[in-house]
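Subject: Structure handover

Hello,

Here is the structure I promised to pass on. Please open it beside this message and read along.

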Amino acid sequence: MSYKQVVKIILIVAVMMTFAIQSTYAQAPEGQAYTVQPGEWLSEIAGQFLGDTDLYPAIVEATNAKAAEDDSFTPITDPNVIEVGQKLWIPVPEADAATFEGTYTASLPSASSPGREMTLTLNADGSATRSTDYLNGEAPIEEVGTWQDNGDGTATVTLTGRPDGTTYESPDVITFQLSDGALTATDYDVSRYGSEGLTLQKQTETDSTAEATIQPEDVVGIYKSMMPGGSSPGLDTTLYLNVDNTVRLVSDYLNGDPPIEEIGTWEVVNNQVVVTLTGQADQTYDNPVVTTYNVDAGTLVEVPAQPTPGAYVTRYLPFDALATGQEPVPYDAAAAQQAITEAGFVGIYKAFLRAADCCGRDITVTLSPNGPATMSTNFLNGQPPIVQTGTWAEVSDGRIDITWDGVDAPLMLELVDGTLHTTADDNSYGSEGLTLYYYPTIALNSNLPTVTGTITYPGESALPPDALITVRLSDVSLADAPAEVISEQVITAGGQQPPFTFELPYNPRTFDPTRTYAVQVRIESDGQLLYINDTHYGVLTNGAPSHVDMVLVSTAPAAAAAPVDSCADVAVTMSTETPPDRSEYLAYGEDSPVNSAIVGAVLPVDNQADDATTQWRDAVLPELGVCTADFAPDQITVYNTGDGQATVVTASDVLFDDSVSAQEVRLDLVEQPDGWQVEWGGVRFQCSRDDNTTEWQPELCP
């Protein structure tokens, strides 16, 4: 047993023996809510938020104190057991609560440039520096000054000039409130920063571009990988990374043949694990087999020489984490339950248990047709597995008994949530019992390929802690049908801010290289849509990548005043003709790669007024948010279709980017007592590339 394993066991035992359920807080401390995600445990969350995995008792105490005040929080009675979806209360780290020192950043809009990237540094000696980059190719503006802690949770920053000695006639004085790692201006010059003010996010040491260094002792251990079978029931492999940098790889094809054992060496190179297999015990390979793995939260993930969309990705899971429950078995219980119910109990099952001495129990149970059963128990200590044989029979609906040769009492198992579990009457495996997982389901879910990416949005607006980020991998092949959701991940903001990372697995067996796939994102809070992607992010096929960095747009309505002035000269035509058909447009909507908050909006237009054309222009364009100082649409056409209905088409014949040469937005409206409500919206394009560049098309341009 390794030193790390011993320490981990000692810590778990100590916590279970000494942990007090009652909180030491008289009331919940300052902090933030966080929702537990799949695969997380308390020490990992403590490392993420408090900077030290050993500080998890602080989260327990804070959560229990919060639960006494707010019944939406559940007290933690055992720090080793937290549930997915459970709300935790994360206390503010003492260092963050006590000091303003550090570096803060913000991305801000700018009227005369693409934007402003601002960095404010408050030094321990009371000096302050600020750098403002207008992203226009010119050097950032550097400023210097001082800062002062006011002792009431606020600090005042006074910028007095430039590093070259230039002194401001009127210093720029800003008072900031520090909360949840963000500086928010409470007293400032509105003429400089606007009515929305200024908020900067604190950058922690983990924001450094330097990657964490993986040490060899971090990856020493035993790993399991289970792959679906092609010409055999499956491939069950065990990888031993030994402390002396030797390797043993045992590959069992689960077909009754002896496993294949390979040997070699391993090393850590550039934060990756490189395994070199030099041969078998009685055979040396002419060309060693070299495989590189990334280390992802203790799992070894193969880095393929030639990434292929739709191909399985080999993942080696740490066995000790599987056996102790710290690494959940990759499993779809519902799918396993359905498979066993429909096909019967015949098949291969796996269990992962701890052992009293080295190094664990890797159990494989095979239930063959017509009754034969075998169980192989490998103690992972270099000795041959212990093999038992016997017979099995279904004794009632959802229950089987296995009678081993030479053993009087049968092993009694019942089907529970897609697993075979020992019954309450069978204590042969202790109080926790034996849980056998259906091998085909483990193999599929262990090695699914994924689409990965990041999510961000412009500006410095902070998400509410309860904001939900829904990320979907969808089949968008059909323009006239809803997208088919292939995979979905829901992320709770929990006080964190972008960029957010996501990982969307998909099934290689249903992957179709002739289809078109895309990633779609929505951010919502309290039932309100906040952000969405209005750009098509294709993945996997047609030359698209498997990783995308997504930038979302806000769904908040654009301010009315500035766009109206910018579009004052846009021509408006009232028409009695029939507008183009809806089918010629790509509809806005949740299942569409484009969306707009204008759907559902009510436009205050009096269609009978003398200035109805001006009212339509001034109502539609601000809502669409298309008018800027440098750009305005070319034409607006209002179709009065009768019976309290109207259609507005906005045309723009300009080059938006390198793919779109023209765009039309169509809005269908229904008259209401207070104006006209948009009930449907869509867009169509003329493209700059591909075979057809002259006709309108209801799909995103290539």
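Predicted model: local features only at pLDDT ≥ 70, side-chain atom pairs only at ≥ 80, totals over all residues.

The barrel. Eight strands close into a barrel in the order S11-S12-S13-S14-S15-S16-S17-S18. The pairing is antiparallel. From one strand to the next, the twist averages 30°.

Where S11 meets S18. S11 covers residues 221–228, and S18 covers 315–318. The two pair in the antiparallel sense over 2 bridges. Look for lysine 224, which stands opposite leucine 317 of S18.

S13 and its two partners. On one side, S12 pairs with S13 over 6 bridges, in the antiparallel sense. Threonine 237 has serine 251 in S13 as its bridge partner. The hairpin of S12 and S13 leaves 4 residues between the strands. There, asparagine 245 takes a positive phi near 70°. S14, residues 260–269, also runs antiparallel to S13, and 6 bridges join them. Here threonine 246 has threonine 265 in S14 as its bridge partner. How enclosed is S13? It is largely enclosed by the rest of the structure, because 5 of its 7 residues are buried.

The cores. The largest nonpolar core has 39 residues. Phe345, Tyr349, Leu367, Ile402, Leu420 and Leu436 have the most contacts inside it. Strand S19, residues 347–353, gives this core its largest share, 5 residues.

Tyrosine 349 deserves a click. Which residues does it touch, leaving aside its neighbours within four places in sequence? Its contacts are Ile340, Ile363, Thr364, Val365, Leu367, Leu420, Leu436, Tyr437, Tyr438 and Tyr439. Two of these, Leu367 and Leu420, are also on the list of residues with the most contacts in the largest core.

Helix H11. H11 has 13 residues, 612–624. From its first C-alpha to its last, the helix reaches 18 Å, close to the 18 Å expected at 1.5 Å a residue. Its buried residues are Ala612, Trp616, Arg617, Ala619, Val620, Leu621, Pro622 and Leu624.

Best wishes

Note on methods. Residues numbered from 1 in each chain as written. Heavy atoms only, no water. Pairing = 2+ DSSP bridges. Axes fitted to C-alpha atoms, helices over the stretch in contact; angles between N-to-C directions. Buried < 20%, exposed > 50% of the residue type's maximum accessible area, 1.4 Å probe, protein only. Core = buried A, V, L, I, M, F, W, Y, C linked by side-chain atoms within 4.5 Å. Contact = heavy atoms within 4.5 Å. Expected span 1.5 Å × (residues − 1).
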